Amino acid sequence: MKKIYFDYAATSIKRKKILEDILENADKFDGNPDSSHSFGREAKKILEESRGKIAKSINANPSQIIFTSGASESNNTVLSAFADKKIITTNIEHDSIENTYNPEKTILLKIGEDTNILDQLKEKLTDEVKLVSIMMVNNETGLIFPIKEIGEFLKDRDVYFHVDCVQAYGHLDIDVNAMNIDFLSLSGHKIGGINGFGVLFARENLPSFIKGGEQEKYRRAGTSFVIGAYSMAKSFPYMIEEREMIRELKNYLIESLGKTGLAFEINDNPEKYVDHIINIYFKDYRADFLLTYLDMYGIGVSAGSACRAGAVIPSKVVERIYGSERAKNSLRISLGFENSREDIDKLIEVLGALR
C-alpha cells in the first residue's frame with residue numbers, strides 16, 4: 001500500500017536530493033564553524049553562504065539574520081523581549097506566540113469570518129503599544145493576513161512589527177523592506193529542510209534568549225547547526241519552482257471533493273487562503289474518526305496544529321472562528337512537492353467509500 005502524506009503544514013517530507021548531497025559531502029560539515037582551523041573555516045563558509053541565500057530570499061541583509069533552533073524559539077525571543085510592554089496580536093496565532101505573551105499586557109484582535117484586521121488594529125493601537133505581532137499565514141486554516149498593508153500603517157509609528165512567516169515562506173513573496181517588518185520568524189523543516197533549524201530576522205538587536213557563547217554575534221548562543229542552515233537555503237529555490245504545481249493540486253482537490261458524495265464545506269473562501277493548506281468541514285463525520293479511517297489506508301492528514309504532543313485535538317482556530325462543533329468535524333489537508341493528482345484521487349476514493 002502506497003502511503004500518502006497530506007500534512008506538509010506540520011512538517012515537510014524531506015528532500016532526498018538535499019539529503020544525498022549532504023551525505024556525499026559530509027566531511028565539509030565536520031568542523032565547528034567557530035573553530036579557527038581548516039575544518040572550522042570550511043563549515044563557516046557553508047554557514048555564511050547559507051545565511052546570505054536565506055537573507056536574499058526575504059530581501060534582508062545577511063547581518064540581520066540570526067540562526068535559531070526553530071521558529072518557536074524565534075517567536076519566543078521576540079515576545080520575551082517585550083514581556084513588560086503592551087503588545088497587540090491576534091487570537092489565532094501559533095502556540096509559541098500564545099503561550100509566551102503576557103495576557104495582562106496583550107490586546108487581542110478577534111478573527112472572525114468577515115474580520116477586517118486592519119480596521120481592528122487602527123482602533124486598538126495606542127501610544128502604549130510597543131509591538132504588533134501578526135502571522136502572515138495561519139498554520140491551521142491557511143488564512144492570509146494583509147501584512148504589507150499592516151506594515152504600511154505601522155511604519156511611521158513608534159511600534160515594532162513582528163511577523164511569523166513560517167507557513168508563508170516559499171509559498172508567498174516576502175520582502176521585509178517593502179512590508180516594513182522589524183522582526184520575522186522562519187522554520188527550515190516546513191519547506192523540506194532538516195528539523196531543528198530556524199531563522200529570526202531582526203532589524204535591531206534583541207536580548208539573547210539562549211545564553212552561553214558568542215555565536216551569532218552574541219545574539220544567540222549555541223554551536224551553529226550548519227547542516228540545518230544549508231538544507232534550508234537549498235530548499236527555498238525548489239519552493240518557488242513548485243508554486244504552480246501546488247496551486248493546481250489545490251484547485252483539483254477542491255473540484256474533486258464533490259465526488260465523495262459527502263456533505264462538506266471549505267472553511268471560508270479558498271481565494272483568501274494560501275495554496276498549500278485547505279481546511280474542510282465534514283458535516284457528518286468527526287475529525288478524530290476521519291483521521292483514524294484515512295490512516296488505515298495510509299493517508300496522513302491532521303485536525304489542527306501538530307504542536308500538541310500527538311493528541312487529536314480540534315483546531316483552536318476553526319473553533320474560535322466558527323465554533324466548537326464545526327471544529328470537531330474539520331480536517332486540515334496540506335499539500336507539498338511529493339503530492340500528485342493520483343494521491344488526491346485516492347483520497348477522494350477512500351472518503352467516497354464512507355457513503
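**Figure 1. Pairing of Ile266 with strand S10 in the predicted model.** The bridge partner of Ile266 in S10 is Ile280; the coordinates shown here and in the other views are those of a predicted model. Strand S9 and strand S10 (residues 277–282) are antiparallel, and three bridges connect them. Both belong to an open sheet of three strands, arranged S9-S10-S12 with antiparallel pairing. Its edges are S9 (264–266) and S12 (330–334), each of which pairs on one side only. From one strand to the next, the twist averages 30°.

**Figure 2. Strand S7 and its buried side chains.** Strand S7 covers residues 183–187, and five of the five are buried, so the strand is largely enclosed by the rest of the structure. In a regular strand, side chains alternate between the two faces of the sheet. Phe183, Ser185 and Ser187 point one way from S7, while Leu184 and Leu186 point the other way. Residues of both groups are buried.

**Figure 3. The strands that pair with S7.** Strand S6 (residues 160–164) runs parallel to S7 and is joined to S7 by three bridges. Within this pair, Asp164 stands opposite Ser185 of S7. Strand S8 (residues 198–202) pairs with S7 in the antiparallel sense, over five bridges. Here Leu184 has Phe201 of S8 opposite.

Figure 4. S3 pairs with strand S5 (residues 129–133) in the parallel sense, with four bridges. Lys86 faces Val129 of S5 as its opposite residue. The pairing of S3 with strand S4 (residues 106–109) is also parallel and has four bridges. In this pair, Ile88 stands opposite Ile107 of S4.

**Figure 5. Surroundings of Ile58 in the largest nonpolar core.** The largest nonpolar core has 65 residues, and Ile58 and Val132 are the ones that touch the most other members. Helix H7 contributes the most to this core, with seven residues. Leaving aside residues up to four places away in sequence, Ile58 touches Ile65, Tyr169, Ile174, Asp175, Val176, Leu184, Leu186 and Phe201. Among these contacts of Ile58 are Leu184 and Leu186, which point the same way from S7. Phe201, also touched by Ile58, is the residue of S8 that stands opposite Leu184.

Figure 6. Phe282 falls within S10 (residues 277–282), the strand listed between S9 and S12 in the order of the open sheet.

**Figure 7. The two sides of helix H1.** Helix H1 spans residues 16–24, and its buried residues are Ile18, Asp21 and Ile22. Viewed down the axis of H1, these buried residues fall within an arc of 100°, so they line one face of the helix. Lys17, Leu23 and Glu24 are exposed and lie on the face of H1 turned away from its buried side.

Definitions and conventions:
Residues numbered from 1 in each chain as written. Predicted model: local features only at pLDDT ≥ 70, side-chain atom pairs only at ≥ 80, totals over all residues. Heavy atoms only, no water. Buried < 20%, exposed > 50% of the residue type's maximum accessible area, 1.4 Å probe, protein only. Arc of directions from axis to C-beta. Core = buried A, V, L, I, M, F, W, Y, C linked by side-chain atoms within 4.5 Å. Contact = heavy atoms within 4.5 Å. Pairing = 2+ DSSP bridges. Axes fitted to C-alpha atoms, helices over the stretch in contact; angles between N-to-C directions.
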